[in-house]
Amino acid sequence: MKKAIEVFGEWAVKGKDKGMEKSHALPVGEMLDFILSKKKNDFTFLDLGCGNGWVVRKVAKNPLCIRAVGIDGAEKMISNAKSLSSDSTEYILADIDIFQSKEKYDIIHSMEVLYYLENPKEVIKKIYKDWLKDDGRLIIGIDHYYENTESHSWQEKIGTQMLMLKEKDWLEMFKEAGLKQIKSWRANKNIEWEGTLVISGKK
């Protein structure tokens with residue numbers, strides 16, 4: 001098994017990061033609508049596992065966004081993000097498992113990342129304690145989860161370790177971290193697809 005950072009670094013070299021952007025566009029669109037549609041005040045935004053930075057660039061265009069930052073552990077992903085972005089966005093090359101943020105954010109977003117981490121429970125606790133501002137919101141999207149049987153073969157196909165958890169397990173992590181107003185739903189669900197599991201909570 002390769003490390004996820006290695007796999008996605010290879011994908012970035014091959015241009016597969018653009019395919020990830022297309023495949024995730026609909027659920028991420030739902031997630032961003034949920035967190036941004038009622039925003040009335042300026043906000044800062046952090047994307048965990050930002051890939052080529054497409055979500056960071058999208059959010060940076062919102063007139064209320066005063067800072068948009070992306071973090072990824074794959075050097076080539078960060079390189080691609082910087083090459084595609086303007087000065088209005090920032091990117092950090094870092095291992096999310098051990099990264100310590102010096103800043104706090106109003107919104108922290110993550111799409112298809114947390115189940116690759118060594119200890120997502122501890123990362124969510126760290127996000128709540130040290131990365132989120134008071135009244136800040138964490139929102140994550142996950143396609144690899146127990147109820148989505150189509151995803152059960154992905155670990156073998158992709159060749160990297162993936163944590164398989166049920167929806168209730170992810171919800172429990174949010175509760176244990178201290179997050180409130182927790183909400184979950186399946187984004188982009190249809191007859192052929194169980195949908196992206198979205199979970200959101202506030203500090």
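The following dialogue concerns a predicted model of a protein and the terms used to describe it.

Biologist: On what basis are the values given?

Modeller: The model is predicted, so local features need pLDDT of at least 70 and side-chain atom pairs count only at pLDDT 80 or more, while totals for chains, interfaces and linings use all residues. Residues are numbered from 1 along each chain as its sequence is written, and side-chain values use heavy atoms, with hydrogens and water left out.

Biologist: How many helices and strands does the protein have, and how are they assigned?

Modeller: The protein has seven helices and seven strands. Helices (H or I, at least four residues) and strands (E, at least two) are DSSP runs, numbered from the N terminus. Their order along the sequence is α-α-β-α-β-α-β-β-α-β-α-α-β-β.

Biologist: What makes the protein as compact as a globular protein of its length?

Modeller: The globule rule is 2.2 Å times the number of residues to the power 0.38, and the radius of gyration is taken over C-alpha atoms. For 203 residues the rule gives 17 Å; the radius of gyration is 16 Å, close to that value, so the protein is as compact as a globular protein of that length.

Biologist: Why is strand β4 called mostly covered?

Modeller: Buried means under 20% relative accessible area, exposed over 50%, and partly exposed in between, with a 1.4 Å probe and protein chains only. In β4 (residues 105–111), seven of its seven residues are buried.

Biologist: How do you know that β4 pairs with β1 and β5?

Modeller: Two strands pair if DSSP finds at least two bridges between them. β1 (residues 43–48) and β4 share four bridges in the parallel sense, and six bridges join β4 to β5 (residues 132–142), also parallel.

Biologist: What is the hand of the crossover from β4 to β5?

Modeller: The β-α-β crossover from β4 through helix α5 (residues 120–131) to β5 is right-handed. That word applies if, with the strands pointing away from the viewer, the path from the first strand over the helix to the second runs clockwise.

Biologist: Which residues of helix α7 are buried, and why are they said to line one face?

Modeller: In α7 (residues 167–177), E167, W170, L171, M173, F174 and A177 are buried. Seen down the axis, they fall within an arc of 150°, so they line one face of the helix. The arc is that of the directions from the helix axis to the C-beta atoms. On the other side, K168 and K175 are exposed.
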